Amino acid sequence: MAKMWAGRTDGVTDGIADDFNSSIGVDCRMYKEDISGSMAHAAMLGARGIITKEEAESIRNGLKGIMDDIESGRLKIDMSCEDIHMFVEQELTTRLGDVGKKLHTARSRNDQVALDVRMYLRGRTSELISLVRELAETLTDLAEEHKAAIMPGYTHLQRAQPVTFGHHIMAYVMMLLRDMDRLSDCSKRMNVSPIGCCALAGTTYDTDRQFEAAALGFDGICLNSMDGVSDRDFCIELISCIAILMMHLSRFSEELIMWSSWEFGFIELSDAYTTGSSIMPQKKNPDMAELVRGKTGRVYGGLMAMLTIMKGLPLAYNKDMQEDKERVFDALDTAEMCLKVFIPMTATMRVREDAMKEAARRGFINATDLADYLVKKGMPFRTAYKISGQIVALCIEKGKVLETLGLDEYKSFSPLFEEDVYGEISLETCVAKRISQGGTSVASVEEQIRAVRKALADKHV
């Protein structure tokens with residue numbers, strides 16, 4: 001069949017070329033945006049007298065009928081069409097005849113596809129922000145429930161200092177707040193209308209681009225027509241934001257995987273979000289967390305692909321840019337699915353406070369507080385640091401921990417040690433005395449939770 005763009009050529013292409021050129025398998029999901037954009041375009045054409053008002057109304061009614069028929073299932077999208085834009089226009093022309101052919105006046109597929117992608121990504125970004133918000137709320141609730149549960153804090157994956165589980169979880173909530181901000185900022189730059197830029201140079205028709213932009217909920221228009229049709233910064237920026245979000249989910253997944261192992265035993269994931277082994281009956285595998293970690297690489301790949309696609313393209317539109325949608329759609333789909341699993345997975349996991357406390361007790365993570373005890377009694381920090389290290393070495397040699405070492409043994413290192421040392425190095429005291437803003441004390445974690453709840457309430461998506 002000859003294509004709607006037949007003219008300069010006969011419009012008949014080889015079947016293999018058709019398959020290679022086709023994008024409808026990817027862009028068919030934008031049918032709502034394509035039809036909505038076309039309805040606004042028809043309204044503008046009628047309002048400016050470029051077509052008659054009667055023709056504009058006929059086109060709008062025809063497009064609404066197509067939308068209704070697709071939604072109800074009466075009309076199936078013809079996957080043999082080149083893209084969703086051609087399918088809609090072809091169906092409209094079939095229904096209206098020559099009037100339908102007037103819809104494409106004063107626009108090109110170049111600005112049409114740029115419009116559809118922006119509108120589609122705008123909606124999907126809002127949905128993604130809502131999911132990030134839900135995860136942030138879930139984790140904040142989890143942090144509040146375990147705000148006083150003591151666990152080892154790590155650096156270099158070595159036990160370092162005592163923290164609370166609530167404090168640890170709130171670190172991830174802070175990351176999610178930044179993810180929400182990044183996605184919101186990205187959405188603002190995305191919300192600029194390219195329709196009316198046409199192929200690259202604008203049009204000779206007296207159009208009203210502001211009319212269409214306002215009708216479609218855009219904040220303004222692309223001010224340069226060449227930039228309007230060739231810009232895919234918003235796709236790259238969105239995948240970049242998603243890549244950072246996925247990095248955060250991947251880091252958390254890594255901890256969940258470690259924490260649920262026998263070696264840690266800090267948490268137990270619900271059976272609903274784990275799998276068994278096909279050969280080892282004792283296994284309970286954190287497959288969902290592992291998949292989130294693995295799918296992060298998939299999103300990174302999409303980001304690198306988009307940067308590579310765009311890096312050598314001269315202005316204005318080039319067919320290479322057809323590859324944008326599959327990359328950004330896949331990143332959105334991937335992140336959305338990961339969040340939909342992550343939210344209930346973390347909400348239903350069992351936190352084993354006893355195991356965390358025991359690991360903290362055995363890790364000598366109160367050694368810094370032991371040194372601080374001596375410093376507060378007048379000893380230089382470096383001297384106190386050395387003595388504390390020597391005491392830890394003695395505990396390891398004798399199979400003891402700092403809390404079980406005898407006072408006489410402490411005094412053999414310094415006469416400054418008194419009975420009050422045991423209160424000073426208790427894990428509860430170590431945590432409670434981390435009073436600096438943003439620290440791990442229960443009061444600080446409560447302050448963080450209040451701040452986050454206010455921030456979430458103030459964010460409107």
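A salt bridge here is a side-chain nitrogen of Lys or Arg within 4 Å of a carboxyl oxygen of Asp or Glu. E127 and R124 meet that rule, with their closest N and O atoms 3.6 Å apart. The model is predicted. Across the whole structure, 42 salt bridges are found. The largest nonpolar core holds 75 residues, and the count of aromatic pairs is 10.

**Salt bridges**

- E127 and R124 are three residues apart in helix 7, so about one helical turn separates them.
- E127 is partly exposed, at 43% relative accessible area. R124 is buried, at 9%.
- R453 and E144 form a salt bridge, 2.7 Å from N to O. R453 belongs to helix 20 and E144 to helix 7, so this pair ties together parts that are 309 residues apart in sequence.
- R453 is partly exposed, with a relative accessible area of 33%. E144 is also partly exposed, with 36%.
- One network of salt bridges with shared partners joins R29, R124, E127, D333, E336 and K340.
- The side chains of K319 and E82 meet in a salt bridge of 3.7 Å, N to O. This pair links distant parts of the chain, 237 residues apart: K319 sits in the loop between helix 12 and helix 13, and E82 in the loop between helix 4 and helix 5.
- K319 is partly exposed, at 38% relative accessible area. E82 counts as buried, at 12%.

**Nonpolar cores**

- In the largest nonpolar core, the residues touching the most other members are L121, L139, F165, L238, I242 and L249.
- Helices 7, 8, 11, 12, 13, 14 and 20 each supply at least two residues of this core. Helix 11 gives the largest share, 15 residues.
- Another core lies apart from it and has 23 residues, including A42, L45, A56 and A106.
- Beyond its neighbours within four places in sequence, L121 is in contact with M190, F234, C235, L238, V328, F329 and L332.

**Aromatic pairs**

- The 10 aromatic pairs include F165 with W259, a tilted pair with 5.6 Å between centres and 55° between planes.
- F165 is in helix 8 and W259 in helix 11, so the pair ties together parts 94 residues apart in sequence.
- Both partners are buried: F165 has 0% relative accessibility, and W259 has a relative accessible area of 1%.
- Y410 and Y422 pair edge-to-face, at 5.9 Å centre to centre and 80° between the planes. Y410 lies in helix 17 and Y422 in helix 18, 12 residues apart.
- Y410 counts as buried, at 0% relative accessibility. Y422 is partly exposed, with a relative accessible area of 21%.
- Y373, Y410, F417 and Y422 are linked by ring pairs into a cluster.

**Charges over rings**

- The charged end of R122 sits over the ring of F218, 4.7 Å from its centre.
- R382 lies over the face of Y385, 5.2 Å from the ring centre.

**Strand hairpin**

- Strand 1 (residues 150–155) and strand 2 (residues 158–164) run antiparallel, joined by six bridges.
- Y154 stands opposite R159, which is in strand 2.
- Two residues lie between the strands of this hairpin, and H156 takes a positive phi near 55°.

Notes: Residues are numbered from 1 along each chain as its sequence is written. This is a predicted model: local features need pLDDT of at least 70, side-chain atom pairs count only at pLDDT 80 or more; totals for chains, interfaces and linings use all residues. Side-chain values use heavy atoms; hydrogens and water are left out. A nonpolar core is a set of buried Ala, Val, Leu, Ile, Met, Phe, Trp, Tyr and Cys residues joined through side-chain atoms within 4.5 Å. Buried means under 20% relative accessible area, exposed over 50%, partly exposed in between (1.4 Å probe, protein chains only). Helices (H or I, at least four residues) and strands (E, at least two) are DSSP runs, numbered from the N terminus. Contact means heavy atoms within 4.5 Å. Rings of Phe, Tyr and Trp (its six-membered ring) pair if their centres lie within 6.5 Å; planes under 30 degrees apart count as stacked, over 60 as edge-to-face and the rest as tilted. A charge sits over a ring if NZ of Lys or CZ of Arg is within 6 Å of the ring centre and within 35 degrees of the ring normal. Two strands pair if DSSP finds at least two bridges between them.
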